[in-house]
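Welcome to this tour. Open your viewer, and we will go from one selection to the next together.

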Amino acid sequence: MHNAVTDHTDFEGGSDAYHRYSGFDIIGDIHGCGTTLKALLERLGYQKKAGIYQHASRQALFVGDVVDRGPHIRQALSIVYDMVSAGHAQMVMGNHEYNAICYMTPAPAESGHTFLREHTPHHNRLIAETLEQFANHREDWSDYLQWFSELPLFMETQAFRVVHACWDSDMIAQYRERYGSNRISLAVINESVQKGSFASIVTDRLMRGTDIKLPDKQVIRSRDGHERRFFRTKFWAKKPATYADVVFQPDPLPDTLIERVLTKKEKKRLSHYGENERPLFFGHYWLQGRPMPVRNNLACLDYSAVKYGRLVAYRMDGEQQLDPSKFVWVYVNTPEYEAMKSATQHSDDFYGE
Ligand SMILES: [Mn+2]
C-alpha cells in the first residue's frame, strides 16, 4: 500500500520513520495531564510493551508543552520521553520546554542577570508545579532539560508539517541555512536571550506565534487573571483589514478595538500560511469546544486539556485536505465531576446487586 506519508524520503525525524510507519498521530499540548495522555494513547490503539507505549504501524508526534500546570508532569514526561527514545514518537519543542531551560540556566556573568529567564513572580508561578513535582527527582529533571536542549523546533515531511505555534517559511529556511538543522541547541538558546538576535526572533515566532500590541497602552485582562498588552494573531489570514480578521485567542477583544483597522506596521508583524501549502499541525492557542480544522490545511490541537478541556490528536495518513472526522480526544474532567461519576457508579452497583 502506498500513501503520501510512506512514499516520502525527507522526513526529518530520521530516515526510517516513513518506512516503519504508515501513519502519524499528532498530539496537542499535554501540560502535565499524564493520566489523560495514557487514556488518549490507549484510545488511539497504542499498547504498553516493555513499559513503553507503541503502535505497530503508527508513530506519535507531540507538538510540545508537555510540562507545567498539570498534576502529573513527571508521568507525562516519562511516557513521551520513553516513546521518543524508542522511536515510537517524536516531539517538537514548546515554549514551556524552552522557558524551562532558560529558567534553569545561569546567565553569563557579564549579562547582569542571574538566569537566562529571570525569576520574576510571573515566571516563578508558571513553572511552580513542574519544580514542585521534581523536587525529589532532581537528576531526572536535569536529564529532561538536557533532552529539551536538543529538540527539533519544527518538522516536515512532503505531506505535512508540525510546529508548536507558527510556521514561518522564510524564517525556517533561514534557520536551516544558519544552523544546518531543525533542532535547537544550547548555542541557539544562548543567542536567543539576546534581544533582536535572529535566534530570539525565530524562537519567539515558532513557539509563541505572532501578536499585535494593543494601541494607546491599553491592557486586557485574560480569564486566568493575567494583564496582557498584546493579543495573539492568526498566521494564515488572507488580506486582513481589521483586528477582527486576525485575532486568535480565547479572550475576546473589547468592542472598542475589534473593528480597528490594521496599520501597515501591524500588518508587517503578521505571517501568512497559504491555502495551498501542505497541512500544518500546531498547538499553543488554548482552543475550546469541539475539535475541527481551523482551515482545510491547518489544525490546532491544543484544546485546553489542563483547564478541563480536551486532550486532542489528529490521525494523519497523508491526506492534503484535513478530515474533521479524524480528530480523536479525551475529556479532562473536573474533580467535582469525577466525584459525581463515581458516586453514580457506586449507586448503580448497589441497585444491580
Ligand atoms: Mn501550551
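Is Phe24 buried or exposed? Select Phe24 and look around: Phe24 is buried, because 28 other C-beta atoms lie within 10 Å and 20 or more are enough to count as buried. Keep in mind as you look that this is a predicted model.

Phe24 belongs to strand β1, which covers residues 23-27. Phe24 and Asp317 are 293 residues apart in sequence, yet their C-alpha atoms are 6.6 Å apart in space.

**The cores**

Next, pick out Ile26, Val80, Val92, Phe281, Leu301 and Leu311. These residues have the most contacts inside the largest nonpolar core, which has 77 residues. Helix α3, residues 73-85, gives the most to this core, with 7 residues. There is also a second, separate core of 6 residues; to find it, select Ile212, Phe231, Tyr243 and Leu262, which are among its members. In soluble globular proteins, nonpolar side chains tend to be buried together.

Go back to Leu311 and show what surrounds this residue. Leaving aside neighbours within four places in sequence, the contacts of Leu311 include Gly28, Ile30, Cys33, Leu37, Trp329 and Val332.

**Two helices**

Select helix α2, residues 34-43, together with α3. Their axes come within 7 Å and cross at roughly 35°. Where do α2 and α3 meet? On the α2 side you will find Gly34, Leu37 and Lys38, and on the α3 side Gln75, Ala76 and Ile79. The residues of this contact divide into 3 nonpolar, 2 polar and 1 charged.

**An open sheet**

Now show strands β6, β7, β12 and β13. These 4 strands form an open sheet in the order β6-β7-β12-β13, with mixed pairing. The edges are β6 (154-156) and β13 (298-300); each has a single partner strand, so one side of each is left without a neighbour in the sheet. On average, neighbouring strands here are turned by 15° against each other, direction ignored.

Zoom in on β12, residues 280-282, which pairs with β13 in the parallel sense over 3 bridges. Leu280 stands opposite Leu298 in β13.

**Confidence**

Finally, colour the chain by pLDDT. The mean is 91, and 92% of the residues reach 70 or more. Over residues 1-10 the pLDDT stays under 50, and the model has 22 contacts beyond four places in sequence for this stretch.

Methods:
Residues are numbered from 1 along each chain as its sequence is written. This is a predicted model: local features need pLDDT of at least 70, side-chain atom pairs count only at pLDDT 80 or more; totals for chains, interfaces and linings use all residues. A nonpolar core is a set of buried Ala, Val, Leu, Ile, Met, Phe, Trp, Tyr and Cys residues joined through C-beta atoms within 7 Å. A residue is buried if 20 or more other C-beta atoms lie within 10 Å of its own, exposed if 12 or fewer, and partly exposed in between; C-beta atoms are placed from the backbone. Two residues are in contact if their C-beta atoms, placed from the backbone, lie within 7 Å. Two strands pair if DSSP finds at least two bridges between them. Axes are lines fitted to C-alpha atoms, for helices over the stretch in contact, and angles run from 0 to 180 degrees between N-to-C directions. pLDDT is the predictor's confidence in each residue, from 0 to 100. Ala, Val, Leu, Ile, Met, Phe, Trp, Tyr, Cys and Pro count as nonpolar, Asp, Glu, Lys and Arg as charged, and the others, Gly among them, as polar.
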